[in-house]
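Open the model in your viewer and keep the selection tool ready. This tour goes stop by stop, telling you what to select and what to look for.

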Amino acid sequence: MTVFSGPNHPMNCKKILIIRFARLGDVILLIPSIRAIRNHFPPAQIDVAVGHRCAPVLEMCSAVSNVISMNRLEMRDGCKLAAIWNILRFSERIRKERYDLVLDFHSFRETNLLAWYSGAKWRLGLKRTHGAYLPFCFNLVPVLEDKTLHVSSVFLSLLRPLGIQTLDKNPSLDLCASDLEQADQFLERYEIALNNTLIGFNIGAGASSRAWPLEKFADLAGKLNLRFRARIILISGPQDGDISQRALKLMFEHRPVIAHNLSLRELAAIVSRCQVLVSNDTGPMHLGPSVGVPTLGLFSIGYPEHYRPLGRHSRFLKVNSIERLGVEEVYENLIEMIRLRKAEREAAQETLSRPL
């Protein structure tokens, strides 16, 4: 169903605001929707309101005109009077932009209210399965969240009332030459050559119930090192404490490298140099597909149908308790993923080398 017609045709929307504040994985999976909006509104200004931690991801998306970031954690945990003042300033900033269209992909009460306060001519929101929705904040019929769909597809469904449809639900980030050059310099410091088999281990999880045991990651590193002389990049977040240091001790003989104190931009570039990424069910898992790296997601309490890694040759494994997932099963899947990616690259090289 298309809500626009005549003089209100979507091509007349000059300024668009997208709202999605939190969760790294969700922000990455929002990128296909942003690109679809850009393709439908080529000349429009497309701004995204996002939490400050996830803002660097959107700075790597060329479809975004402006990233408007907010430190929601500081507002939540800091001085309440200051938080109220900052919220008011942020809301006024949005209102002064005079957007034609606002899309609320977050759909919390506060984001509903922000959409309403923007004063945009058109306001459309996602109605979550188990969440608040304030109907008076919108003037377009809401789109109901379908939990049977992948998150990327759920976001794309919000665009249907605008007449926007696309089959491309895979996220893709725009890494520039300087990003890749810095990643290569990082790897050179640890004597990792571009022709080495480089494999990313996202060992962070944020919760123990989602974390594959470090001992099993260490056993996997040994198998990969024996077969490929592989080098391992260890990835974890600030919420994971000293997990990378503990993993380093377990894998010391295999010379793993810790990717720590890096920006999201730097981390994405380093992940792009990996042959594969194996990851616990957490936000950085989606960095792999976003830079074209096949990713193996390890799931336990999560819903892979809703949150699995996308992209070519990506896979997932799920067990009821993450400790029960065997090293051999993970290893065999990674071997097949590496084989498929190598075959694909060789086929591409052969095509390029053929005479015209």
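## Stop 1

Select Leu81, Ile84, Trp85 and Leu88: together they make a nonpolar surface patch of about 490 Å². Patch residues have over 30% relative accessible area and no salt bridge; like charges are joined within 9 Å, and nonpolar side chains (Val, Leu, Ile, Met, Phe, Trp, Tyr) within 5 Å. Accessible areas come from the Shrake-Rupley method with a 1.4 Å probe, and for residues only the protein chains shown count as cover. Isoleucine 84 sits in helix H4, residues 80–97. Helices (H or I, at least four residues) and strands (E, at least two) are DSSP runs, numbered from the N terminus.

Before moving on, note that this is a predicted model: local features need pLDDT of at least 70, side-chain atom pairs count only at pLDDT 80 or more, and totals for chains, interfaces and linings use all residues. Residues are numbered from 1 along each chain as its sequence is written, and side-chain values use heavy atoms, with hydrogens and water left out.

## Stop 2: salt bridges

How many salt bridges does a search of the whole structure find? The search finds twelve. A salt bridge here is a side-chain nitrogen of Lys or Arg within 4 Å of a carboxyl oxygen of Asp or Glu.

Stay on helix H4 and select glutamate 97. Its side chain meets that of lysine 15 in a salt bridge, 2.7 Å from N to O. This pair links distant parts of the chain: glutamate 97 is in helix H4, lysine 15 is in strand S1 (residues 15–19), and they are 82 residues apart. Glutamate 97 is partly exposed, with a relative accessible area of 27%. Buried means under 20% relative accessible area, exposed over 50%, and partly exposed in between (1.4 Å probe, protein chains only).

Next, select aspartate 281 and arginine 210. Their side chains meet in a salt bridge of 2.3 Å, N to O. Again, distant parts of the chain are linked, 71 residues apart. Aspartate 281 lies in the loop between strand S10 (276–280) and helix H11 (287–290). Arginine 210 lies in the loop between strand S7 (198–202) and helix H8 (214–228). Which of these side chains is buried, and which is partly exposed? Aspartate 281 is buried, at 7% relative accessible area. Arginine 210 is partly exposed, at 25%.

Now pick arginine 246. It forms a salt bridge with aspartate 242, and the closest N and O atoms are 3.1 Å apart. Arginine 246 is partly exposed at 42%, and aspartate 242 is partly exposed at 46%.

## Stop 3: cysteines

Count the disulfides, taken as pairs of cysteine sulfur atoms within 2.5 Å: there are zero. Cysteine 137 is in no disulfide; the nearest cysteine sulfur is that of cysteine 13, 19 Å away. Cysteine 137 counts as buried, at 0% relative accessibility. For cysteine 176, the closest cysteine sulfur is in cysteine 61, 14 Å away and so too far for a bond. Cysteine 176 counts as partly exposed, at 30%.

## Stop 4: the sheet

Finally, show the strands. Six of them form an open sheet with parallel pairing, in the order S9-S8-S7-S10-S11-S12. Strands pair if DSSP finds at least two bridges between them. At the edges are strand S9 (257–259) and strand S12 (315–318), each pairing on one side only.

Zoom in on S7 and strand S8 (residues 231–235): they pair in the parallel sense over five bridges. End on isoleucine 199, whose bridge partner in S8 is isoleucine 232.
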